[in-house]
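Here is a set of questions on one model, each with a worked answer. Look at the structure first, then read on.

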Amino acid sequence: MDYQNKLVLAPMVRVGTLPFRLLAAQYGADITYGEEIIDHKLLKCERRVNEYIGSTDFVEKGTDSVVFRTCHQERNHVVFQMGTSDAVRALTAAKMVCKDVAAIDINMGCPKSFSVSGGMGAALLSKPELIHDILTMLKRNLDVPVTCKIRLLKSSQDTVELARRIEKTGVSALAVHGRKVADRPRDPAKWGEIADIVAALSIPVIANGDVFEYDDFQRIKTAAGASSVMAARGALWNASIFSSQGKLHWEDVKREYVRKSIFWENNVKSTKHTLKEMIMHYSSLELPEGKAIIKSETLADIAKLYEEEKYYQFVNENRFLVNGSR
Ligand SMILES: Cc1cc2nc3c(=O)[nH]c(=O)nc-3n(C[C@H](O)[C@H](O)[C@H](O)COP(=O)(O)O)c2cc1C
């Protein structure tokens, strides 16, 4: 995979499932990260080809619970992001999905207590030996590109030192979220500190933080000197941020997301969460639409709310015709 001059959809828990990734790609994202999935969780899954909807699913054994769903359309640009604290476990999990995705990324930036208490996410930032073990294990044993995503350390010098160690493992690229572990999302991202890392490395750096408009992609790219740029919240609120033609109205983007969620039978919790985030940004969950989203229990409820019942019916009837039975 080429990491030069790419617009990248950032990993987002509960948001970055198949319909959202395809939505971002439709508007112009070149590389789309999936939500972080913990290695333990993937190891409980089996791979199932879902001919009914045309996807490849990783489903928790003995259940119908889809942990990761992908499809051939995104095969060349989807990145599987994993949470791990162990090299052997990471490799075993990565081997399960690596033939179905374009690259494997390790999350080394998540500051949430769930991640950190399990030794994952930002907890790895203070364990360079473990980082080295995980990345070299994956790099030596997988045929797909391996990358990781970090946050800034306390001093720019520390981050540069860590980034150099990461580069030595042979990773294909390094994504840098320009905030420190203690920073809040409202604190401005430190593009200048990403520039220090870019200056010290020869592998591509993907700069991340505070891209809210299409023009911000170029601004951060120039300020940091980065190869590529990654957007999270800006894309969550309006995935057409990736379009060089300018943003579409968020209501239109939301409707397209609802249709994709229906088509790909997205986990209803993921669809609800994503819609709630969009509504909270532009409107309010206290208004009728927000209240109805909170109450909805199925994709059929959501289809009804957005007057997409005909589409819902059409998709399901046509699947029945093509496949004969469910
Ligand atoms: C809803 C949400 C979920 C996130 N989930 C993940 C995740 O699964 N893995 C990860 O590395 N970062 C995750 N992040 C962090 C983003 O990928 C990104 O680094 C951060 O939001 C900064 O980018 P931004 O300023 O464009 O939002 C998440 C952020 C948001 C807003």
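Predicted model: local features only at pLDDT ≥ 70, side-chain atom pairs only at ≥ 80, totals over all residues.

Q: What separates the centres of domain 1 and domain 2?
A: The domain assignment places domain 1 at 7–242 and domain 2 at 250–323. Their centres are taken over C-alpha atoms. The separation is 26 Å.

Q: Which element gives the most to the side of domain 1 that touches domain 2?
A: Contact here asks for C-beta atoms within 7 Å. By that test, 19 residues of domain 1 are in contact with 18 residues of domain 2. On the domain 1 side, α1 (18–27), β6 (66–70) and α9 (233–237) each supply at least two residues. With five residues, the element that gives the most is α1.

Q: How many nonpolar residues are on the side of domain 1 that touches domain 2?
A: Take the classes in turn. This side has three charged and four polar residues. Its nonpolar residues number 12.

Q: How far apart lie the end C-alpha atoms of residues 9–283?
A: An unreviewed UniProt entry places the feature "domain: DUS-like FMN-binding" at this span. The span is 41% helix and 21% strand. Its end C-alpha atoms lie apart by 23 Å.

Key:
Residues numbered from 1 in each chain as written. Domains from an automatic or database assignment. Contact = placed C-beta atoms within 7 Å. Helix = DSSP H or I, 4+ residues; strand = E, 2+ residues; numbered from the N terminus. Nonpolar A, V, L, I, M, F, W, Y, C, P; charged D, E, K, R; others polar. UniProt positions renumbered as here; feature names shortened; annotations may be inferred.
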